[in-house]
Amino acid sequence: KKQLWFRAGGYSRTLDKKLEISSGKLARFADGSAVVQLGDTSVMVTAVSKTKPSPSQFMPLVVDYRQKAAAAGRIPTNYLRRELGSTDKEILTSRKTMSLPSFFLTLFFFPHQILCNLLAVDGVNDPEVLAINGASAALTLSDIPWNGPIGAVRVGLIDGEVVVNPTRKEMSSSTLDLIVSSAPRSQVVMLEAAAENVLQQDFCHAIKVGVKHGQQIIQGIQQLAKEQGVPKRTVQKLFTAPEETVECISRDEAINKIRLETEEQLKEKFPDSEPYEIMEAFNVVSKDIFRNLILNEYRRCDGRDLTSLRNISCEVDMFKTLHGSALFQRGQTQVLCTVTFDSLESSVKSDLITTAISGIKEKNFMLHYEFPPYATNEIGKISSMNRRELGHGALAEKALKPVIPNEFPFTIRVTSEVLESNGSSSMASACGGSLALMDAGVPISSAVAGVAVGLVTSPNSEKNGDIENYRLLTDILGIEDYNGDMDFKMAGTNKGITALQADIKLPGIPLKIVMEAIQQATVAKREILQIMNKTIGKPRASRKENGPLVETVQVPLSKRARFVGPGGYNLKKLQAETGVTVSQVDEETFSIFAPTPAAMHEAQEFITEVCKDDQDYQLEFGAIYTATITELRDIGVMVKLYPNMTPVLLHNSQLDQRKIKHPSALGLEVGQEIQVKYFGRDPTDGRMRLSRKVLQSPASSVVKTLSDKNNIVMGGSVPESVNPE
């Protein structure tokens, strides 16, 4: 293969860079391979498909995005110094690239794997959209049958101006982070957004701009595929349900009974049928009935009209010992949310690559989502967080983050545990999280609510599959998500939008439908907020009494050594005994975080006791004090001027006017009292400045003989030595 290049779309406002796609040089054994570059950031994407179908009832597609430390010129900081498991950033990017399945041929059950490898990152351009475009190009250039390509761009909103593919610096001042994946003829495939209360009209305009620039990328990929000229493979078998089985189900009254009963009847009537054929036949008929009821009779399976919400109930302050809690129930979806405060030291620290790409080193707000198997009456293994849980949690976190105050003395963790699930638990997590934050007394700027909107369409076979008729459904059930064509999740405040995610199962939908979905979701969002406000309309004026506390301690330089202790002993003891966390703010200020008021009280008592001598005793500059030796060291002696005082060092150079290498040369012992003069404290570290030397009379050399070599005169003046000359 020869190397082909294409430059298209995605202009940055200030750097005027272009997207570059190449193929034919790297990973040529793969069915398809492409390298996408923006600035000096490059991502290589490969696509491989097996030639034998899988027995599964869904299209087996695996998308993995991997960040490499070498791409940022760094070495991993873990023990093995190599890349280990997938990070949150890698999993979330992989999920965004998963917008591709709707473009594969229906019932094409061949296993596929798409791998996105970060080759180089310049710290200016984000590689996420490059991975999506690379996957589109790799599949288009391969012989794998699919209906692509698609084009993706990131859209920002800076000072009211829409910016396509903004740089990292530009994104830091953007109120919108929107990724738009579009198909030919300006169809929308996927939307993923985090926004800071962006107005609906501005949001819609950003989507339109993103779709427009995505068309340029699509045209470039099509041109590259035309020049390369790889024919698509012939699909040997596309599974379809047997017609006679489908007709039997449509006449069978068991369609309204449970699936197992129907399948048993079909097995008896069609003993030669494969199990997956019967299952697919049942799915075809039930899906057709479901969609016809909505399209023709405007009826939904639970009796609601197309724009009605399910019954909603809210409850806060579920458990008194928690910092904040809320229970949000919408129909058969139930979510328990809790809020926990911890010290700023508990913030999430980003890994090297994420920091190099996004510039974010840590975050003080996080939302963790859990979906246990009992939520859907199932049995399953409880293990670490899976991709679905991570993705749903990230969406709910995006929805709440814009209303969190920038200056808050704690790290905030919201947990969302789904107790019952039948539709849009991620948006329920946003609602429950908002209630829990207000219950905890977090001064959020506004309440947040979210809702999912579904779509059922009827294609026009005479117009190349264009949508002839459609219905939008507010607050969809699980079955409406499964049998429908779109899961459009949107969250925000009364003012604007904070998060949006659209999973579209068609090869694209017109912008008109997207705009209508946003409007319908906005109306539902405001209705939900009204219901939530009846339970708690604004954040509590103060945090709960059993919540954590943060206090600052002003420690003058003169007392810092006493407060910290030798080798940090006092601080370590303080944290170990009371459970508080101490961090230094500046030279004279320390911040103390206590998980409970009782722990703070213990810490205050500890600090008072440690610094008691500094408060009770005032030393006079130039005065002479009696000091007690507590320890002999090679460099001097440790002395105390009064009880409860932390010993301070009296250096060898200040013990005597003669130069000595060890205090034992002067006959000093532990417990001995000596006279010292006080010269204040060192202005740099606050240590006491004491001297014994200034109280000594001038000394002469000591006669060194074999007999008196080790003799030391205790007390009184030092004897004069005999000059050997």
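**Residues, helices and their packing**

Asn197 lies in strand β10, which covers residues 187-198; strands here are DSSP runs of type E with at least two residues, helices are runs of type H or I with at least four, and both are numbered from the N terminus. The model is a predicted one, in which local features need pLDDT of at least 70 and side-chain atom pairs count only at pLDDT 80 or more, whereas totals for chains, interfaces and linings use all residues. Residues are numbered from 1 along each chain as its sequence is written, and side-chain values use heavy atoms, with hydrogens and water left out.

Asn197 has a phi near 55°, a positive value in a residue other than glycine. Its relative accessibility is 18%, so Asn197 counts as buried (under 20% relative accessible area with a 1.4 Å probe, protein chains only; over 50% is exposed, and partly exposed lies in between). Asp317 likewise is not a glycine and has a positive phi, of about 55°. The place of Asp317 is the loop between β11 (312-316) and β12 (324-330).

The chain as a whole contains 16 helices and 29 strands. Of its 725 residues, 50% are buried.

Gly393 belongs to helix α9, residues 387-400. With 3% relative accessibility, Gly393 counts as buried. Leaving out residues up to four places away in sequence, Gly393 touches Leu367 and Tyr369. Gly393 is also 21 residues from Val414 in sequence, and their C-alpha atoms are 9.8 Å apart in space. Ser424 sits in the loop between β17 (411-420) and α10 (425-439). Ser424, at 15% relative accessibility, counts as buried. Apart from neighbours within four places in sequence, Ser424 is in contact with Arg330, Thr333 and Ala452.

Helix α2 comprises residues 128-141, and its 14 residues should span 20 Å at 1.5 Å a residue, which agrees with the 20 Å between its end C-alpha atoms; the expected span is 1.5 Å times one less than the number of residues. In α2, 14 of the 14 residues are buried, so this helix is largely enclosed by the rest of the structure.

The description now turns to helix pairs. Helix α4 (residues 200-228) packs against helix α12 (residues 511-535) at an angle of about 155°, with the axes 11 Å apart. That makes α4 roughly antiparallel to α12, a term for angles over 145 degrees.

A second pair consists of helix α14 (residues 569-578) and helix α15 (residues 597-610), whose axes come within 10 Å and cross at roughly 150°. The helices α14 and α15 are therefore roughly antiparallel to each other. Asn570, Lys573, Leu574, Glu577 and Thr578 of α14 meet Ala599, Glu602, Ala603, Phe606, Ile607 and Val610 of α15. The contact of α14 with α15 has six nonpolar, two polar and three charged residues by class.

Definitions and conventions: Axes are lines fitted to C-alpha atoms, for helices over the stretch in contact, and angles run from 0 to 180 degrees between N-to-C directions. Angles under 35 degrees count as roughly parallel, over 145 as roughly antiparallel, 65 to 115 as roughly perpendicular and the rest as oblique. Contact means heavy atoms within 4.5 Å. Ala, Val, Leu, Ile, Met, Phe, Trp, Tyr, Cys and Pro count as nonpolar, Asp, Glu, Lys and Arg as charged, and the others, Gly among them, as polar.
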